[in-house]
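Trainee: I am new to reading structures. Can we take the features one at a time?

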Amino acid sequence: IDGGGDIVGSYFAGGLNQHGFLLRNGTFTTVDVPGAIVTSASGINSGNIVGTYFDSGFGQHGFLLSNGKLTTIDMPGALATAAAGIDSGNIVGTYFDSAFRQHGFLLSDGKFTPIDVLGASATTAAEINGHGDIVGYYLDNAFRQHGFLLSNGQYTVIDVPGATASAASGIDGAGDIVGYYLDNAFRQHGFLLAK
């Protein structure tokens, strides 16, 4: 959801046909990348929508839909790219390199920057706010999942006390962070980390 109350997401229609959607002023609009077999909308800011689609050859790509114009987002050299969040024209997401390793990315002013938590075996960038703060999650070398905040070039680990896994999935302009965690019985819960 963005500051204007517009909401994006995904829905299934008849079997496994997945489409993105925009909910604006009580009206649903389908968001589909032309020729895609699957489309998922995951982020919106000032009417600009980002998400992910699979082409007819099952290739995975990110996309930006801005003022009716669709732009594909592919990290150079990546096997697959997914766009997750957008704010102030900056886009974050995830890609897989040629060795199938998972990394986060920031796309700003046409330049891609990889996001890798030090020592992580996989990193996912989920959301960015207007200050450039990025949240997401990563797997350590023991495959335990942790949330993270990347702010001013510094990583902060976000672990809910007592959780077996944590993930940060959203951050607002005030720096409040939301996400989810798994308890010792592997039940999933949401959390708010207020600044």
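Mentor: Start with pairing. Two strands pair if DSSP finds at least two bridges between them. Keep in mind that this is a predicted model.

Trainee: In which sense do β8 and β9 pair, and over how many bridges?

Mentor: They run antiparallel to each other, with 7 bridges. Strand β8 covers residues 80-87.

Trainee: How many residues lie between the strands in the hairpin of β8 and β9?

Mentor: There are 2. S88 in this hairpin has a positive phi, near 50 degrees.

Trainee: Which residues does β9 span, and where is T94?

Mentor: Strand β9 runs over residues 90-96, and T94 sits in it. Now look at the other pairing of this strand. β9 also pairs with β10, residues 102-108, antiparallel and over 6 bridges. Here T94 has G104 as its bridge partner in β10. The hairpin of β9 and β10 has 5 residues between the strands. F100, in that turn, has a positive phi of about 65 degrees.

Trainee: Is T94 buried or exposed?

Mentor: Check the relative accessibility. Buried means under 20%. T94 is at 11%, so it counts as buried.

Trainee: Which residues is T94 in contact with, leaving aside its neighbours within four places in sequence?

Mentor: Among them are A80, T81 and A82. Others include H103, G104, F105, T123 and T124.

Trainee: How many of the residues of β9 are buried?

Mentor: Of its 7 residues, 6 are buried, so the rest of the structure largely encloses β9.

Trainee: Now a sheet. In what order do the strands of the 4-stranded open sheet come?

Mentor: The order is β4-β5-β6-β7, with antiparallel pairing. β4 and β7 (69-73) are the edges; each has a single partner strand, so one side of each has no neighbour in the sheet. Neighbouring strands here are turned by 25 degrees against each other on average, direction ignored. Within this sheet, β4 and β5 (residues 48-54) pair over 7 bridges. I44 stands opposite I49 in β5.

Trainee: Which strands form the open sheet of 3 strands?

Mentor: They are β16, β17 and β18, in that order, and the pairing is antiparallel. β16 (165-171) and β18 (188-193) are the edge strands, each pairing on one side only. The twist from one strand to the next averages 25 degrees. β17 (residues 177-182) pairs with β18 over 6 bridges. In this pair, G179 stands opposite F191.

Trainee: Last, pockets. How is empty space found?

Mentor: Roll a probe the size of a water molecule over the atoms, and it shows where empty space is left. In this model, the largest pocket holds about 350 Å³ of space.

Trainee: How many residues line the largest pocket?

Mentor: The lining has 19 residues. I1, D2, G43, I44 and E127 lie nearest the centre. By class, the lining has 8 nonpolar, 7 polar and 4 charged residues.

Trainee: Which strand supplies the largest share of this lining?

Mentor: β4 does, with 4 residues. β4 (38-45), β8 and β12 (122-128) each give at least two.

Conventions
Residues are numbered from 1 along each chain as its sequence is written. This is a predicted model: local features need pLDDT of at least 70, side-chain atom pairs count only at pLDDT 80 or more; totals for chains, interfaces and linings use all residues. Side-chain values use heavy atoms; hydrogens and water are left out. Buried means under 20% relative accessible area, exposed over 50%, partly exposed in between (1.4 Å probe, protein chains only). Contact means heavy atoms within 4.5 Å. Axes are lines fitted to C-alpha atoms, for helices over the stretch in contact, and angles run from 0 to 180 degrees between N-to-C directions. On a 1 Å grid over the protein atoms alone, a cavity is a set of points where a 1.4 Å probe fits but cannot get out, and a pocket is an open set with protein on both sides within 12 Å along at least five of seven lines; lining residues have an atom within 4 Å of a point. Grid points are joined across faces, edges and corners, and a volume is the space filled by probe spheres set on the points. Ala, Val, Leu, Ile, Met, Phe, Trp, Tyr, Cys and Pro count as nonpolar, Asp, Glu, Lys and Arg as charged, and the others, Gly among them, as polar.
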